[in-house]
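Colleague: Could you take me through one spot in this model up close, and then show me what else is around in the fold? Here it is on screen.

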Amino acid sequence: MNAPLSLQSKTVLVVGAAGHIGRIIVDAVLSAGGRAVALDTDAAGLQALTDVHGADALSCAMLDMANRASVDRALADAHDRFGAVDGAVNTAYPRNPRYGRQFFDVEYADFCENTGLHIGGYFLFMQACARYALERQQTFSLVNLSSIYGSMAPRFEVYTDTAMTMPVEYAAIKAGLEHMTRYVNAYMKGRGVAFRANCVSPGGILAGQDERFLASYGKHCLSKGMLDAQDVTGAIVFLLSDAARHIVGQNLIVDDGFSI
Ligand SMILES: NC(=O)c1ccc[n+]([C@@H]2O[C@H](COP(=O)([O-])OP(=O)(O)OC[C@H]3O[C@@H](n4cnc5c(N)ncnc54)[C@H](O)[C@@H]3O)[C@@H](O)[C@H]2O)c1
């Protein structure tokens, strides 16, 4: 019989929990019966989560995923409070104020800073989770938020007549993240602990974008076009659950067919 698609009695860290998608992931973890540890650099956003969900199954703490002491402390504190950490979702989205420029306008220093903050932070958090699983002999499922743009070239035409673009850093970051996720799984094989990491790659998520952009994006999709954050949580809960316990190093694309 297959394992249930439930997070009952599991503790899951959510990095970037105060963000647009992160808040909804916290909801989804709690709704699936799990305990959530919401982590972010945004204190007000964390307080808002506590206001909504209370503090029984939810714990909130400041975390900078680009700081090793901060990451180690978050894992240790969650372990002390809940007895074990069974998984994590990294949905952080660090970027500097100049992120999002057109290709020819991107300065070398900004390229390095934005890729470093993002892929560097995901590296550090993934390393800490793998180390935690190994040291505690703890079965662990990590889900990294990638994007369709980690595996497909941008459709620049959907941004025509808007101020939007698909930043070059993002292509490097998300392609790198998907392959780094495979790397870590390969590295952890044979070490006697069931540590697995996978990616979920959403298509575009609705957040008040330009109507022209939404219409031209939607032409490439099956039925909805741009998605709500709730539309990607099924894939995330599945990968965290025991139903996915033999799924290792994969990338699950949730994009209403945009990339097909
Ligand atoms: N929004 C989309 O359309 C979309 C589509 C595909 C993939 N994604 C991916 O989903 C993830 C979340 O996107 P979002 O739209 O919710 O972003 P968001 O900006 O709304 O939220 C990101 C959160 O990360 C936090 N954060 C930034 N740096 C951090 C750090 N160093 N340590 C801890 N937390 C930090 C921010 O405070 C914020 O709360 C990102 O990885 C993004 O690339 C987003």
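Colleague: Leaving aside its neighbours within four places in sequence, which residues is E178 in contact with?

Modeller: Before we zoom in, this is a predicted model, so local features need pLDDT of at least 70 and side-chain atom pairs count only at pLDDT 80 or more, while totals for chains, interfaces and linings use all residues. Residues are numbered from 1 along each chain as its sequence is written, and side-chain values use heavy atoms, with hydrogens and water left out.

Now your residue. With those neighbours within four places set aside, E178 touches S146, S147, G150, S151, C199, S201 and N251; contact here means heavy atoms within 4.5 Å. E178 sits in helix 5, residues 168-188 (helices are DSSP runs of H or I, at least four residues, numbered from the N terminus). E178 counts as buried because its relative accessible area is 6%; buried is under 20%, exposed over 50%, partly exposed in between, using a 1.4 Å probe and protein chains only. N144 is 34 residues away along the chain, yet its C-alpha is 8.3 Å from that of E178.

For contrast, look at A48, in helix 2, residues 43-53. A48 has 39% relative accessibility, so it is partly exposed. A48 and G33 are 15 residues apart in sequence, but their C-alphas are 21 Å apart in space.

Just after helix 4, Q137 takes a positive phi of about 50°.

Last, the ligand: 27 residues surround it, and H20, I21, D40, R95 and Y170 are the closest, counting any residue with a heavy atom within 4 Å. A backbone N or O atom of I21 lies 2.9 Å from a ligand oxygen, and one of M65 is 3.0 Å from a ligand nitrogen. Y93 has a polar backbone atom 3.2 Å from an oxygen atom of the ligand. The cut-off for such a pair of N or O atoms is within 3.5 Å.

Technical notes. Helix = DSSP H or I, 4+ residues; strand = E, 2+ residues; numbered from the N terminus. Polar contact = N/O pair within 3.5 Å; in protein donor to acceptor, adjacent residues only side chain to side chain.
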